[in-house]
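Please read the following report alongside the sequence and the coordinates. It sets out the computed geometry of one chain in running text, with one table.

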Amino acid sequence: MEPIPSTILTGFLGAGKTTLLNRILHEEHGLRIAVIENEFGQENIDNEILVRDTGEQIVEMNNGCICCTVRGDLIVALNNLAQKRAAGEIAFDRVVIETTGLANPGPVAQTFFVDEEVGANYMLDAVVTVVDARHAMMQLDTHEEAQRQVGFADKILLSKTDLVDAAAVDALKTRLHRINPRAPIATSDFGRAPISDVLDLRGFNLNDKLEIDPDFLRAEEHDHDHDHEHGHAHEHGEHCGHDHAHGEACKHHDHHHSHHTDDIAAFVFKSERAFDPARLDQFLGSMVQVFGPQMLRYKGVLAMDGADRKVVFQGVHQIMGSDLGAKWGENEVRGSKMVFIGKNLPKDVFIAGLEQCLV
């Protein structure tokens with residue numbers, strides 16, 4: 001059987017995740033989705049009110065979806081659901097996992113790569129982050145978890161845009177792009193977002209597209225002398241594991257909005273020269289060893305010396321993977337593009353080191 005595509009839905013407290021989920025659970029979209037409410041830890045107030053239950057409670061919805069509340073190990077819950085599905089007790093084609101508002105999505109995503117049975121039954125499709133347009137600026141200023149949730153995203157959905165003016169939305173988008181240039185941004189006011197903005201995003205599949213928004217690059221180049229600048233990656237394609245270390249991304253002073261200096265941010269490396277495979281492997285390996293806990297997400301489409309195919313790599317924290325991509329086109333300009341999202345990463349060290357790996 002094909003692995004079950006799975007989506008992690010995250011976002012800060014009050015962002016609108018539950019509103020979006022309720023729409024998924026009740027709308028007639030013709031999809032059979034298992035929604036997992038993942039309640040972390042033993043400290044939830046709900047635990048004092050509800051019967052203490054380490055298993056899960058499953059409610060079947062009229063539209064063919066099921067809702068499952070997990071009060072224990074997510075790995076156990078996912079495996080139980082897969083077993084019930086295989087036995088014909090329940091039917092679903094995909095999974096959406098809602099994290100709590102204060103959660104770091106890293107350990108949740110890691111679940112798909114550290115357990116063999118989960119890895120055999122499920123495929124992590126994408127991390128989708130809901131961002132509250134009314135309160136996000138303040139939340140990003142004061143809560144690192146809010147920055148992590150944005151940094152982890154393959155797709156960002158803005159909620160409550162009706163409560164702020166267009167200038168505020170634009171300022172927020174600029175800041176979100178700086179934290180995570182990989183993630184396209186759409187809106188989800190009152191939970192209204194096309195299912196295609198949430199499901200089948202293929203955010204964790206390795207692919208050989210890493211689009212860089214030229215306008216975003218040009219804005220950055222006014223502030224820097226060299227040409228390895230921040231990019232805005234519209235395409236998000238990856239496939240790899242996560243580590244328990246906190247998900248995060250690199251310190252970058254925003255010259256246009258200096259009062260928003262986020263610990264989590266991104267930078268892009270570009271070159272039309274090919275990499276020496278051995279040197280690059282050694283350098284990236286050493287960077288991951290030293291800075292892995294700070295490296296939230298990273299991805300590249302690379303030109304390797306003597307290779308006629310693109311090499312696609314991506315990683316999360318200390319876990320990194322690569323694969324062969326498509327052949328270089330006859331008239332295609334060969335070159336490498338890499339994006340790194342991390343917490344206080346030494347951009348200059350990465351850029352200089354990568355330069356040393358070029359042929």
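**Basis and overall composition**

The model is predicted, so that local features need pLDDT of at least 70 and side-chain atom pairs count only at pLDDT 80 or more, whereas totals for chains, interfaces and linings use all residues. Residues are numbered from 1 along each chain as its sequence is written, and side-chain values use heavy atoms, with hydrogens and water left out.

The chain contains eleven helices and 13 strands. Helices (H or I, at least four residues) and strands (E, at least two) are DSSP runs, numbered from the N terminus. Of the 359 residues, 54% count as buried; buried means under 20% relative accessible area, exposed means over 50%, and partly exposed lies in between (1.4 Å probe, protein chains only). The chain exposes about 15600 Å², and carbon and sulfur atoms supply 50% of that area. Accessible areas come from the Shrake-Rupley method with a 1.4 Å probe, and for residues only the protein chains shown count as cover. Among contacts (heavy atoms within 4.5 Å) between residues at least 6 apart in sequence, 78% join residues at least 24 apart.

**The antiparallel sheet**

Five strands form an open sheet in the order S9-S13-S10-S11-S12, with antiparallel pairing. Its edge strands are S9 and S12 (319-327), each of which pairs on one side only. From one strand to the next, the twist averages 10°. Two strands pair if DSSP finds at least two bridges between them.

| Pair | Bridges | Bridge partners |
|---|---|---|
| S9 (residues 264-271) and S13 | eight bridges | Phe-269 and Met-338 |
| S10 (residues 295-302) and S13 | six bridges | Tyr-298 and Phe-340 |
| S11 (residues 309-316) and S12 | seven bridges | Val-311 and Leu-324 |

Strand S13 (residues 336-343) is mostly covered, with seven of its eight residues buried. In strand S9 lies Val-268, which is buried at a relative accessible area of 0%.

Helix H11 (residues 347-356) lies across S9, S10 and S13 and runs at about 20° to S9. Axes are lines fitted to C-alpha atoms, for helices over the stretch in contact, and angles run from 0 to 180 degrees between N-to-C directions.

Strand S1 (residues 4-11) has eight of its eight residues buried. In a regular strand the side chains alternate between the two faces of the sheet. Both faces of S1 are covered: Ile-4, Ser-6, Ile-8 and Thr-10 are buried on one side, and Pro-5, Thr-7, Leu-9 and Gly-11 on the other.

S1 pairs in the parallel sense with strand S6 (residues 122-132) over eight bridges, and Thr-10 stands opposite Thr-129 in S6. Strand S5 (residues 94-98) is also parallel to S1, the two being joined over four bridges. One of the partners here is Glu-98 in S5, which bridges to Leu-9.

**The H3 and H4 crossing**

The axes of helix H3 (residues 74-86) and helix H4 (residues 105-114) come within 10 Å and cross at roughly 55°. That angle makes H3 oblique to H4, given that angles under 35 degrees count as roughly parallel, over 145 as roughly antiparallel, 65 to 115 as roughly perpendicular and the rest as oblique. The crossing is right-handed; the term applies if the near helix is turned clockwise from the far one by less than a right angle, and left-handed if anticlockwise. At the contact, Leu-74, Ile-75 and Leu-78 in H3 meet Val-108, Thr-111, Phe-112 and Val-114 in H4.

**Loop residues with positive phi**

Lys-160 has a positive phi of about 60° although it is not a glycine. Lys-160 lies in the loop between strand S7 (155-159) and H8, and is partly exposed, with a relative accessible area of 26%. Phe-190, likewise a residue other than glycine, has a positive phi near 60°. The loop that holds Phe-190 runs between strand S8 (185-187) and helix H9 (214-221), and at 54% relative accessibility Phe-190 counts as exposed.
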